[in-house]
Amino acid sequence: MTYLEQRDRILQNLRDLFTQLSEETDETKRAQIEAKCHEQPDLLELNDKVGNTR
């Protein structure tokens, strides 16, 4: 998977997580989704650093 494909996948995951978060009413599940949302920018930053070194 290329750098840009990986970046697109991470951004799509984040969009999907926001959609799930807007639809979820259970607080425990919302907390889990929020945690995943917070991971995505870190993955994006890491992917960008790797992409910049190629």
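**Entry 1. Overall layout.** I counted two helices and zero strands in the protein chain. The radius of gyration came out at 13 Å, well over the 10 Å that the globule rule gives for 54 residues, so the chain is more spread out than a compact globule. I noted that this is a predicted model. I then took the extents of the C-alpha trace along its principal axes, and they are about 45 × 15 × 10 Å. I also looked up burial for the chain. Of the 54 residues, 19% count as buried.

**Entry 2. Helix H2.** I checked the length of H2 next. It has 26 residues and reaches 38 Å from its first C-alpha to its last. That is close to the 38 Å expected at 1.5 Å a residue. I looked at the start of H2 as well. There, a side-chain oxygen of Asp26 reaches to within 3.0 Å of the backbone nitrogen of Thr28.

Which residues of H2 are buried? I listed Ile33, Cys37, Gln40, Leu44, Asn47 and Gly51. What do the buried residues of H2 pack against? They pack against H1. I kept the helix geometry in mind while reading that list. An α-helix has 3.6 residues a turn, so residues three or four places apart point the same way.

**Entry 3. The nonpolar core.** I looked up the largest nonpolar core. It has five residues: Leu14, Leu17, Leu21, Ile33 and Cys37. H1 gives the most, with three residues. I set a general point beside this. In soluble globular proteins, nonpolar side chains tend to be buried together.

Leaving aside neighbours within four places in sequence, Leu21 is in contact with Arg30, Ile33 and Glu34.

**Entry 4. Gln40.** Gln40 is found in helix H2. Is Gln40 buried or exposed? Its relative accessibility is 7%, under the 20% cut-off, so Gln40 counts as buried. I then searched for its contacts, leaving aside neighbours within four places in sequence. Gln40 is in contact with Ile10, Asn13, Leu14 and Leu17.

**Entry 5. Asn47.** I repeated the search further along H2. Asn47 lies in this helix. At 11% relative accessibility, Asn47 counts as buried. Which residues is Asn47 in contact with, leaving aside its neighbours within four places in sequence? I found Tyr3, Gln6, Arg7 and Ile10. Ile10 is also among the contacts of Gln40.

**Entry 6. Salt bridges.** How many salt bridges does a search of the whole structure find? I found two. Side chains of opposite charge can pair when their charged atoms come close.

One of the pairs is Arg7 with Asp48, and their closest N and O atoms are 2.8 Å apart. Arg7 lies in helix H1 and Asp48 in helix H2, so the pair ties together parts that are 41 residues apart in sequence. I checked the accessibility of both partners. Arg7 is partly exposed, with a relative accessible area of 26%. Asp48 is partly exposed too, at 21%. Arg7 had already turned up as a contact of Asn47.

Lys49 and Glu45 also form a salt bridge, at 3.5 Å from N to O. Where do these two lie? Both are in helix H2, four residues apart, about one turn of the helix. Glu45 counts as partly exposed, at 44% relative accessibility.

Entry 7. I took two C-alpha distances last. Leu11 is found in helix H1. At 27% relative accessibility, Leu11 counts as partly exposed. Leu11 and Cys37 are 26 residues apart along the chain, and their C-alpha atoms are separated by 10 Å.

For the other pair I started from Lys36, which is in helix H2. Lys36 is partly exposed, with a relative accessible area of 45%. Lys36 and Asn13 are 23 residues apart in sequence, and 9.3 Å apart in space from C-alpha to C-alpha. Asn13 is also listed among the contacts of Gln40.

Key. Residues numbered from 1 in each chain as written. Predicted model: local features only at pLDDT ≥ 70, side-chain atom pairs only at ≥ 80, totals over all residues. Heavy atoms only, no water. Core = buried A, V, L, I, M, F, W, Y, C linked by side-chain atoms within 4.5 Å. Buried < 20%, exposed > 50% of the residue type's maximum accessible area, 1.4 Å probe, protein only. Contact = heavy atoms within 4.5 Å. Salt bridge = Lys/Arg side-chain N within 4 Å of Asp/Glu carboxyl O. Expected span 1.5 Å × (residues − 1). Polar contact = N/O pair within 3.5 Å; in protein donor to acceptor, adjacent residues only side chain to side chain. Rg over C-alpha atoms; globule rule 2.2 N^0.38 Å.
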